[in-house]
Structures are given as C-alpha cells and as structure tokens.
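Biologist: I am new to this structure and would like to learn what the words used for it stand for. Could you show it to me first?

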Amino acid sequence: MYFGLSEEQKSLEENIQRFLADNAPLESIKAVADGDEEKAQAIHQGIIELGLSGLVVPEEYGGLELNMLFATVVSSALGSGTAPVPYIGSYVMAPMALNLAGTEEQKNKWLPKIAGGECQIGVGLSEYVGARENAGIEFAKNKINGRALFIIDGKNADAFIIANKSGELFIFDSSASGIEVVELTTVDKTRTSVELILENVDSEKLAASDDTTVIEKILDAGRLMLAADTVGAAQVMLDKSVAYSLERKQFGRLIGSFQAVKHMCAEMAAELEPCHSMIWHAAHCQDSVPEEARLMACQTKAHVSEVGKQVSKTATEVHGGMGFTDELGLHYWFKRIGLNRQLLGSPELVREEAGKLQGFDQ
Amino acid sequence: MDLEYGPQYDEFRAEVINFIKENENTKLSGPPRSESRVAWQQKLIDHGYFARSIPKEYGGYGGDMDIIKLRIIAEEFAKSPIPKPAGGQGIQMLVPTLLSLGTEEQKQEYIRPTLRGEILWCQGYSEPNSGSDLASLQTKAELDGDEWVINGQKIWTSTAHLSQMCFILVRTEPDAPKHQGISYLLMPMNSEGIDRRPIKQMTGDSDFNELFLTDVRIPAKNIVGARGEGWKVANATLGHERGSLADPNVTQNRLNSLIDLMKNETIDGERVIDKPIFRDRLLSIQGRLMAQQSNALRILSSQINKDQDAHLAKAIVKLQGTELRHELEGLAIDAMGELGTLYEDSPHLRDNGAWQMTYMYYLGLIIGGGTNQIQKNIISERALGMPKEPKVQGA
C-alpha cells in the first residue's frame with residue numbers, strides 16, 4: 001500500500017516548476033496579462049517541449065499514455081506558477097474526448113497532432129453543465145448552429161469540441177466558415193476564454209458520445225484538473241504568506257510572531273493540506289476505481305474550490321496593503337483560483353450533482 | 001499509488017471476519033472491570049485483535065507491528081455491532097509510556113492488568129491555573145524517606161471516579177526552570193488524602209473531576225523516568241491522545257446516520273434532504289470529510305512507508321476532525337428543528353438525544369486535548385516554522 005506520488009511524478013512536478021520559475025517569472029506573467037502574445041507563445045512552446053501536450057494521448061498516437069494522477073500533478077504544478085498556457089481543455093479533455101468517443105479516423109486525424117504540439121483544441125461543456133443566457137447548440141445534417149460560452153483554451157485554437165445539452169460531443173475545425181469567435185475577458189488574465197457563435201458550421205459528431213458516460217468522464221477529468229490547479233495555486237499563496245510574515249516587521253516584531261497571523265496561516269494549512277491528498281485520491285479513482293470516480297470528482301471540485309476561496313482571501317490579508325497591489329502580483333493567484341471555482345460548475349452546482357449521484361433525490 | 005493491501009492480507013482479513021461472525025452476539029454486562037468485560041478483553045488479546053504488538057511477557061499478543069493488520073482489524077470491527085476493544089487513557093497513554101520509559105518492575109506490575117481492563121487509569125495533568133500552559137503546574141511532591149508526599153489540586157481528571165490509578169504530573173524540583181522541574185508519578189487512587197469532586201458538564205453528565213490532594217503518600221519507586229524529566233515523559237504520550245480524537249472513519253459512520261435522519265425527518269410532509277439548503281450543507285460536510293479521509297490514507301501510508309513525510313497531515317487531524325464532527329452533529333439538530341432540542345427522556349426524542357449530547361461533547365473535545373487554538377500554535381510553529389510568542393517577563 002502506498003498513497004502518494006511516485007518518484008517519477010514528483011520529478012515531473014519539479015521539472016515543470018523549475019521550467020516556470022526560469023521561463024515564466026512574475027514579469028512574464030504580467031507581460032502576458034498585458035497582451036504580449038509572443039511571450040505567451042514561447043511559454044506554451046516550452047510546455048509542449050516538456051511533453052505535456054501528449055501526456056494523456058495513447059502511445060499508439062504518439063503520446064506518453066500517462067494516467068490521471070500524472071495529469072493531476074501537471075495541473076497542480078501549472079497552477080502553482082499561474083502558468084499562462086492552455087492545458088486543461090486542449091491537452092487533457094480534448095484528447096480524452098477523442099480517445100473515448102472518436103472514430104479511428106478522427107483519432108488518427110487529431111491525436112498525433114495534439115501529442116506533437118501542433119494542434120490546440122478548445123473545449124466547451126458549459127451548456128451541458130448549466131447553460132447561461134439560454135446558450136446552446138443544435139446539430140443536424142453535420143451542421144452546428146447556436147452559441148457556446150466559456151470555451152476552455154479556445155483562443156487561437158485550431159479546432160473545437162463542444163457539447164450539446166444532452167452531452168453529445170461535436171468537433172470542428174476553427175477555419176470552417178460560419179464561426180464567430182468572441183473573446184471573453186475574465187478576471188484571470190493568465191488564461192483565455194472565448195464564446196463561439198456558430199452558423200451552419202461543418203462539423204462531425206464524436207461517434208461514441210451518445211453514451212453519456214463519455215462526457216461524464218471528460219467532465220470528471222476537467223473538474224479534477226481545475227481542482228488540482230487550485231491546490232497548486234493555493235499552496236503558493238500559503239507559502240508566500242508564511243515567507244512574507246517572516247520578513248515584515250511591525251511593532252518591533254515579525255508579523256509572523258503574532259498569533260493573529262499565525263492562526264490565519266495555520267487555518268490555511270489545516271484546510272489545504274488534506275486537499276493535496278484529495279486530488280491524488282480523486283485521480284486514483286479515475287485511474288483505478290471507476291465506481292467511486294464521479295462522486296469523488298464532484299466533491300473534490302466543490303471542496304477544493306471552497307478551500308481555495310478561503311486561502312486566496314486569507315493569504316491576501318496576511319500580505320496587508322501589499323496583497324492588494326499589482327506590484328506584488330498575488331492577485332494573479334487569487335483570480336486564477338476564482339476562475340477555477342466557476343468553470344465546469346460552481347461548488348453549489350457540483351454538490352447538487354453529488355447529491356443526485358448518491359440518490360438523495362430518491 | 002497503490003491502495004491495495006495485497007493478497008497476503010486476504011487470509012488475515014478472512015480470519016478477522018470469521019472471529020467477528022462467531023462472536024457477533026457477544027453482549028457485555030456490568031460496570032467497567034466486570035468479569036465479562038475482562039474476559040472479552042483477554043479473548044481479544046489472545047486472538048491478537050487487541051494489544052497486538054505488545055510483548056507477551058507484559059500481557060500483550062506479542063505480534064509484529066504490522067500497520068495494515070491493525071487497520072484491517074479496525075475496519076472489520078467498525079462494520080459490526082460487536083463490542084470494541086476497551087480504550088481509555090491507561091491503554092492509550094500510560095501503556096505506551098511505560099513500554100518506552102518505565103522500569104521492568106513497572107511494566108510487569110501495570111501493563112497486563114491495564115490491558116485486561118482490571119486497572120483503569122486517570123490522567124492528573126491540568127490544574128485550575130495550568131491549562132494550555134500545562135508546564136506551569138504547581139502541584140508539588142516532596143520525597144520523605146521512601147515516599148513521595150503530594151499536595152495540590154488537579155482538574156479535568158476524566159473517569160477519576162472509576163479509576164484505580166492516576167498518572168500525575170507534579171513539581172518535584174521547585175528551583176529548576178518550569179519545564180525541568182516536573183516529574184511523572186503513578187498514584188493509587190485509594191491513597192489517603194485524595195478528595196474527589198465531580199464536575200457537572202454542560203451535557204448534564206459528570207465525566208470529569210477535580211482532585212484535591214493533601215499529604216498523599218505514595219512509594220518513591222512510583223516515578224516514571226528520572227526526577228525532573230516528567231515533561232518529556234508526558235510529551236511522549238500527548239501525541240497518542242491527539243491522534244485518537246475524531247477519526248474520520250468514525251465520522252463516516254456518523255455521516256451515514258445523518259443521511260438516514262435527513263431522509264426520515266419531514267417538514268410539512270417534505271423530507272429534510274429534499275430541501276436544497278439542508279442538502280447543500282450535508283454535501284459540504286461530506287466533501288470536508290472526504291478530504292479528511294484522503295488525508296488519513298496519506299498518514300496510514302506514511303506509517304507503512306517510513307520514508308514518506310506526513311508531519312503536517314498529522315498535525316491538523318485533531319483541529320480538523322473535532323470541528324467537522326461538531327458541525328455534523330449541529331446539522332442533525334438543525335434538520336430536526338425544535339425536535340432537535342429535545343433531551344434526556346422527553347417525548348418525541350430521537351436517537352436517545354445522542355445528537356445534542358455529541359454536539360456538546362465535541363465542543364468539549366475542541367477545547368480538550370490541547371485547545372484548537374493551541375493546535376493552531378503547534379501547526380504554525382512546528383509545521384510552518386513560524387516563531388513562538390515572545391515570552392512575558394516572569395512567566
């Protein structure tokens with residue numbers, strides 16, 4: 001019995017963190033947030049070279065075929081550095097969707113390109129999870145019409161995979177005619193989001209996506225990735241808080257020697273430490289205990305989002321006025337955690353789903 | 001990541017299940033120390049389901065220290081209404097202390113009857129003016145010939161009315177710095193000069209006592225460790241106490257009962273669980289519990305795989321576990337509304353009043369065993385490396 005990360009997983013995490021420290025320091029994050037697309041491209045290229053685009057792609061399509069625990073480690077590491085790169089939609093959910101539901105032809109067309117870092121696919125499940133503004137799509141005769149909001153990794157995407165209300169998945173090239181891409185500006189400028197307005201867009205259905213277990217698996221994976229991103233980001237916020245409290249003096253003392261500050265840090269640690277175990281456990285369920293995977297994914301997304309909210313608030317407070325400044329940049333982590341909380345279902349929505357999974361409505 | 005215990009444990013689990021099946025109708029009667037309770041405890045020791053790794057010569061089973069086997073025993077016993085092995089401060093705190101720091105004579109004299117439930121122990125640590133700041137304790141003991149003479153006052157002494165023995169911290173070196181002036185003594189509760197007064201708690205029960213000690217004489221040999229080393233001796237066992245509070249696997253059983261309760265209780269004919277706000281609170285608590293269960297797996301793994309570090313995961317268990325349990329019990333009361341306030345032997349009472357009782361009891365545990373504020377000091381100082389409070393002059 002061994003519960004935890006393997007040496008290989010730990011070294012992957014360290015490699016990503018080192019890469020981000022060297023290639024995406026705070027100045028770079030700020031530059032990307034201010035619109036420096038070249039810098040964003042360079043960091044994106046860097047994570048492709050680390051092999052992250054092909055991490056979950058099967059070996060026969062040129063990927064590394066690693067499991068969800070590896071993907072969780074990656075997502076957490078990217079969250080810790082507020083890495084301004086596509087990952088959760090393009091390199092986890094999209095290849096999973098193709099692999100689970102695509103025809104052989106679809107797999108052959110897309111998966112090797114994803115693994116090779118030549119193709120970024122935006123993923124939109126918002127209308128399946130809970131449509132806002134009555135958005136939604138209709139698919140008939142290989143054409144899609146309608147509107148989809150909050151496509152994850154949708155900016156500069158080469159293709160899109162989106163879901164309709166009943167959970168069927170459709171793929172189409174971004175160069176197809178009839179697509180209007182509307183860029184959405186969220187508080188989190190380390191990641192991008194778009195809306196798609198679609199008029200008679202040529203599109204293919206992912207053949208096996210009639211079976212709703214397909215979209216459920218992709219949704220579970222996406223929720224876990226978001227939770228892992230939050231855990232990574234929240235851990236950095238806690239670490240920065242402790243470090244700051246051991247530098248900053250007031251009343252002739254380090255502020256970290258005041259119980260008020262110590263208890264804020266202890267409360268963050270007490271909430272956050274179990275979240276590391278929880279994301280590993282949820283990943284393990286997706287890899288090996290399918291009957292527990294869905295409930296675990298919902299509860300992990302909900303619980304980690306709540307803890308992330310608390311940690312991101314408290315950590316900002318520990319930094320006092322500096323925590324509120326752009327100069328310190330702590331707000332990038334705060335906002336990243338804020339976006340993760342809402343994507344693919346806010347805690348209340350996801351808990352509602354967790355209740356249904358357990359038959360509480362019966 | 002590997003959550004399987006391995007096929008080599010299948011046979012062991014089958015043995016445990018078989019034992020439980022054969023004994024599932026066991027009913028214990030009488031007060032603590034009664035014949036049937038001692039006999040049951042001895043049976044559990046004989047089969048290695050209790051005191052498993054304690055040497056045979058001291059009354060244990062004398063088995064290997066296999067964490068997974070201990071885990072399997074706990075899992076299977078938890079699933080059945082079969083009587084559980086006795087606990088208490090003697091078994092949880094004194095026995096490990098004697099095993100590592102007691103003299104051979106002390107081990108021979110006390111461990112076996114303690115394991116069998118023939119000697120019950122209480123803990124004489126806290127004093128009216130020494131709670132969180134335990135090391136400031138003032139109860140003193142002076143050596144007079146071959147006897148210690150103890151004078152002072154202890155408080156929060158749980159089960160003192162049932163106990164035959166007390167492990168007690170006293171000041172024996174008044175001129176030494178506060179942590180170095182304390183000794184750890186073993187005091188028979190039938191000694192002359194012990195005046196016990198029960199403390200009635202908010203629950204209505206009296207689990208705790210005050211002890212007034214006036215010229216209590218005990219043999220000089222009843223000291224564990226050297227004179228002045230009592231603080232170290234006591235700290236070796238405080239860890240055992242904290243680890244045993246608010247186990248998430250026990251809380252899981254309680255959550256299952258809460259779910260049943262919320263499916264059964266109705267408001268205007270509608271089940272409480274069908275009301276979205278109540279249901280959301282329930283699911284929030286479940287999410288927190290699942291996080292604690294994952295944390296517990298990590299701790300278990302670190303006990304099996306010695307190179308794995310889980311010190312922060314362990315440091316938070318008491319704080320997180322007691323707070324969650326208190327909230328869980330509180331949700332049950334809210335789910336029952338006015339019915340949730342019923343107590344003692346009232347008409348319409350649910351579950352013998354256990355929800356109110358446990359709600360209050362866990363508030364006691366939030367305070368006891370090192371208050372949760374002290375827990376936060378420990379987490380921030382020992383796990384996060386933050387500085388201690390500056391010392392106040394003279395304290």
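Modeller: Let me begin with a definition: helices are DSSP runs of H or I with at least four residues, strands are runs of E with at least two, and both are numbered from the N terminus. Residues are numbered from 1 along each chain as its sequence is written, while chains are lettered from A and ligands numbered from 1 in the order in which they are written. Please keep in mind that this is a predicted model, in which local features need pLDDT of at least 70 and side-chain atom pairs count only at pLDDT 80 or more, whereas totals for chains, interfaces and linings use all residues.

Biologist: Thank you! Let me start with one residue: where is B:Asn18 placed?

Modeller: B:Asn18 is in helix α1 of chain B, which covers residues 10–22.

Biologist: Why is B:Asn18 called exposed?

Modeller: A residue is exposed if 12 or fewer other C-beta atoms, placed from the backbone, lie within 10 Å of its own; with 20 or more it is buried, and in between it is partly exposed. B:Asn18 has 11 other C-beta atoms within 10 Å, so it counts as exposed.

Biologist: Let us look at chain A as a whole. What makes chain A as compact as a globular protein of its length?

Modeller: Chain A has 13 helices and 10 strands. Its radius of gyration is 20 Å, close to the 21 Å of the globule rule for 362 residues, so chain A is as compact as a globular protein of that length. That radius is taken over C-alpha atoms, and the rule is 2.2 Å times the number of residues to the power 0.38. The C-alpha trace spans about 75 × 50 × 40 Å along its principal axes, and 54% of the 362 residues count as buried.

Biologist: What makes a group of residues a nonpolar core?

Modeller: Such a core is a set of buried Ala, Val, Leu, Ile, Met, Phe, Trp, Tyr and Cys residues joined through C-beta atoms within 7 Å. The largest one has 149 residues, and A:Cys265 and A:Ile279 touch the most other members. The largest share of this core, 17 residues, comes from α8(A).

Biologist: How do you know that A:Cys265 is in contact with B:Leu384?

Modeller: Two residues are in contact if their C-beta atoms, placed from the backbone, lie within 7 Å. Leaving aside neighbours within four places in sequence, the contacts of A:Cys265 include A:Leu238, A:Val242, B:Ser380, B:Leu384 and B:Met386. A second, separate core of 51 residues includes B:Val95, B:Trp121, B:Ile150 and B:Val224.

Biologist: How many residues do the two chains bring to their contact?

Modeller: 41 residues of chain B are in contact with 34 residues of chain A. On the chain B side, α8, α9, α10 and α12 each supply at least two residues. α8(B) gives the most, with 17 residues.

Biologist: Which classes do the residues on that side of chain B fall into?

Modeller: There are 21 nonpolar, 12 polar and eight charged residues. Here Ala, Val, Leu, Ile, Met, Phe, Trp, Tyr, Cys and Pro count as nonpolar, Asp, Glu, Lys and Arg as charged, and the others, Gly among them, as polar.

Biologist: Last one: which domains does chain A have?

Modeller: Domain bounds come from an automatic or database domain assignment. For chain A it gives domain 1 (7–88 + 104–115), domain 2 (121–210) and domain 3 (212–357). The centres of domain 1 and domain 3 of chain A, taken over C-alpha atoms, are separated by 20 Å. Their contact takes 16 residues from domain 1 and 23 residues from domain 3 of chain A.
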